[in-house]
Amino acid sequence: MRTARVIPALLLVLLTVSGCATLADRLPVDFPGVSVETAAAAAPSGAAADVLATLPVKGRAPKTGYTRDEFGPAWADVDRNGCDTRNDVLARDMTGETFKPGTHECIVLTGTLNDPYTGKAISFTRGQGTSEKVQIDHVVALSDAWQKGAQQLDAAARRNLGNDPLNLLAVDGPTNNAKRDGDAATWLPPAKAYRCDYVARQVAVKAKYALWITQAEHDAIADILRTCPGEPVPVDDTVPGPVHSTGT
């Protein structure tokens with residue numbers, strides 16, 4: 001999980017050089033209303049702004065029916081490496097980590113987090129009253145995802161979204177609590193230097209899981225990306241399986 005690759009799933013493949021397989025050969029799943037030809041014509045150049053331009057803009061759907069359980073068990077071992085997702089992300093994002101003996105370097109006991117949301121260094125120690133200093137944030141909040149298309153994903157795709165390292169960051173606990181389920185129109189990291197990375201990751205997640213954005217969200221993301229031309233989409237694709245819509 002710690003070394004991975006990502007391409008947003010909605011527009012998964014670029015035609016790059018002659019002699020390579022066609023887009024039709026490579027596209028793994030047909031999305032409703034998106035033909036292979038349309039996907040090829042709209043294929044992003046790799047910059048987050050280009051991927052943003054491919055996301056549908058719609059109003060927020062009702063939150064009716066949302067529970068955390070709709071995204072499967074929290075911190076499921078979806079990559080089947082023997083470690084739960086929370087510990088995988090802690091190990092990925094911290095430095096100097098130590099592990100509980102006998103867990104095959106799965107359960108993180110201590111480490112230092114250079115928190116992307118605040119820019120401060122946080123010492124982490126596993127235990128009651130200390131573990132919550134570092135929390136795992138869903139960059140695209142699950143409630144937000146539910147209201148912007150995840151209702152229409154099947155259970156396996158929602159489980160993947162809830163545990164996808166592309167959508168997860170170890171961050172300062174109180175700052176994560178303040179974010180709640182806000183999107184880019186209502187919440188951005190206090191550390192302004194991280195905002196381009198943050199919205200680029202949201203764009204990548206929404207493209208990968210065929211989610212939409214609101215107009216206010218689009219405008220907020222676009223405003224941030226204008227300050228960092230060419231900002232790339234982040235690379236991390238360790239959750240297996242395509243995204244399937246239930247069609248409901």
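The points below take up the basis of the note, then the sheet, then the disulfides.

1. Basis. The model is predicted, with local features requiring pLDDT of at least 70 and side-chain atom pairs counted only at pLDDT 80 or more, while totals for chains, interfaces and linings use all residues. Residues are numbered from 1 along each chain as its sequence is written, and side-chain values rest on heavy atoms, with hydrogens and water left out.

2. Sheet. An open sheet is built from three strands in the order β1-β2-β3, with antiparallel pairing. From one strand to the next the twist averages 5°. Strands are DSSP runs of E with at least two residues, helices runs of H or I with at least four, both numbered from the N terminus; two strands pair if DSSP finds at least two bridges between them.

3. Pairing of β1 and β2. Strand β2 (residues 108-114) runs antiparallel to β1, and four bridges join the two. Opposite Phe99 stands Val108 in β2.

4. Helix on the sheet. Helix α4 (residues 85-93) packs on the sheet and touches β1, β2 and β3, its direction making about 130° with that of β1. Contact here means heavy atoms within 4.5 Å; axes are lines fitted to C-alpha atoms, for helices over the stretch in contact, and angles run from 0 to 180 degrees between N-to-C directions.

5. First disulfide. Taking a disulfide as a pair of cysteine sulfur atoms within 2.5 Å, the count comes to two. Cys83 is joined to Cys106, with an S to S distance of 1.9 Å. This link is left-handed, with -70° about the S-S bond. Cys83 lies in the loop between α3 (48-52) and α4 and Cys106 in the loop between β1 and β2, so the bond ties together parts 23 residues apart in sequence. Both Cys83 and Cys106 are buried, that is, under 20% relative accessible area, where exposed is over 50% and partly exposed in between (1.4 Å probe, protein chains only).

6. The sulfur atoms of Cys196 and Cys228 are 2.1 Å apart and form a disulfide. Its torsion about the S-S bond is about -105°, so this disulfide is left-handed. Because Cys196 lies in helix α8 (residues 195-208) and Cys228 in the segment after α9 (215-225), the pair ties together parts that are 32 residues apart in sequence. Cys196 counts as buried at 11% relative accessibility, and Cys228 counts as buried at 11%.

7. With bonded cysteines counted along the chain, the disulfides follow the pattern 1-2, 3-4.
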